[in-house]
Amino acid sequence: MLVVESLVTRYGAVEALHGVSLTVGTGEAVAIVGPNGAGKTTLLRTISGLVRPAAGTVEIDGRVMGRTAAHRIARLGVSHVPEGRAILSTLTVRDNLLMGGYRLPGGGVEERMAEMIDLFPVLGRKLDDLGGVLSGGEQQMLAIARGLMAKPRLLMIDEPSMGLAPRIVGDVLEALKRVVATGTAVLVAEQNAGLALEVADRAYVMVVGDVVTSGNSADLDENRLLETYLA
Amino acid sequence: MQQTINGLALGSTYALLGVGVTLVWGVLGILNFAHAQILTWGSFAALAALHLGVPVPLAILVGMVAAGVLSVLLDLAVLAPLRARKAPEFSFVVATIGVSLVLTTILRTYTDAQTEAFPRQGFPVGAFEVAGQNVPRLQVVMLAIAIVAMAGLAFWLNRTRSGRAVRAVAHNRETAELLGVNSQLVFSICFFVAGGLAAVAGIFVAASAAQVSYSSGDGLLLVAFAVIILGGMGSVKGAIVGGLVLGVIEVYATSYVSSVFREIIAFATILAVLVARPSGFFGKKEAARV
């Protein structure tokens, strides 16, 4: 459903992506792993329309995005949970979830919210709390649930384990596995290769704006990836 | 008692002003120094309609639409490009000051810097008596409009899908876009509503004074900002309460001290309130965990 071809993204004179290509099939879980500064966040931001590409193409269901605005790409069924979670801290958990369902047509929002609470029960107990007072792990659950509210066909998650305690990372991992099990395609960008490979069927390894290797998760062991990072 | 009524009457003007400003400044966080000029242009549009024999309610609507459209044009032509470049807040202040000067100059030239008479026919005039006190009709209508506007805004922002989108854009525009919200459309709607409310305030101020000039709104901008700070940034209810409190303070200061010290006492009281309660009467501190 997603085809990225020779994508180049620049910030002024600095080229952050040097011609990245990748694909994500319907219902597939794919990881982008790589060290800090590899261009993972820039890649996701370019796919979701927050950053305009300098060259190359992003195709969603065969439609070339070009200079399509982020809100239009979201309406095509692409949800992006950005780095840092971007919780609307002055809105309640309920309002955050309702905003996640903003592009859902007509009714069905409450029903979808109930499904999200089934998936992440901790949110059900905190619906009237402000998003900003949740713990880091709860905020990550909320960010993922909010991304899923609109029934996306592709969920892109940037650094889901960032800043979380190891025990909470385990909870997030379980949550991601549950999302993958629902049949939603997932593209996860993560420094923690172990976590990413546990969730994804396939992975792309990025280093300084380029994809340096890719393959099935089972074939990419963590030690080999570490060597690639450090090369 | 009569002084309190007079204060509430003055405060109703301030409350109406504050409700318009709170949407763009209090909610979206944009300090629009051209708001006073938009208010004045709205008053002149209504005046032009009245001169054509249009009935008062329709003339008010004409003023609101004209000011709303002008406000949206200001956003699209000047502020949206600044947002696209992620310009610092200071750029917005300078840009809106520039726009206010342009709008003032055009109106001053068009009116030859003359004050125009604003017809009061069709507006509520005189006063009625309650418990032996005079209550001015025009100000009662203004207060009623301010309360209706407040209730409407509060309902829209807190209870509707598009109101939630406004709050999402105000909090983080990028995140709102990722959730499918057309943030430019949200800005346009907010500027239109704020412009329309500014026009209502301007028209009633003009009707109250029975005159309007190119500089009618100038003195009101600082008052509007003070009202928002006193009531609490982003609080629609705070704009009404802040406006009424400021009005009462000013009238008390004039009656019991001297009109010379009216503004000094009013702003010193605001300062004292803010020292005790930095977020104003109804402002909320942002809760965030990092």
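Predicted model: local features only at pLDDT ≥ 70, side-chain atom pairs only at ≥ 80, totals over all residues.
1. The contact between the two chains draws on 29 residues from chain A and 19 residues from chain B. Together the chains bury about 2300 Å², and 58% of that area lies on carbon and sulfur atoms. The size of an interface is often given in this way, as the accessible area lost when the parts come together.

2. Turning to specific pairings, three salt bridges are found across the interface of chain B and chain A, and one of these joins Glu174(B) to Arg45(A), with the closest N and O atoms 2.7 Å apart. Across this interface there are also seven residue pairs in polar contact, with both residues at pLDDT 80 or more.

3. On the side of chain B that touches chain A, helix H6 (161–171) and helix H7 (173–178) each supply at least two residues, and H6(B) gives the most, with six residues. Sorted by class, this side of chain B holds seven charged, seven nonpolar and five polar residues.

4. After H4(B) comes Asp112(B), whose phi is positive, near 55 degrees.

5. Several residues of H4(B) are buried, among them Phe92(B), Thr96(B), Val99(B), Leu103(B) and Leu107(B). The buried residues of this helix pack against helix H2 (35–51) and helix H3 (56–84) of chain B.

Conventions
Residues numbered from 1 in each chain as written. Chains lettered and ligands numbered in written order. Heavy atoms only, no water. Contact = heavy atoms within 4.5 Å. Buried area = accessible area lost by both parts, 1.4 Å probe. Salt bridge = Lys/Arg side-chain N within 4 Å of Asp/Glu carboxyl O. Polar contact = N/O pair within 3.5 Å; in protein donor to acceptor, adjacent residues only side chain to side chain. Helix = DSSP H or I, 4+ residues; strand = E, 2+ residues; numbered from the N terminus. Nonpolar A, V, L, I, M, F, W, Y, C, P; charged D, E, K, R; others polar. Buried < 20%, exposed > 50% of the residue type's maximum accessible area, 1.4 Å probe, protein only.
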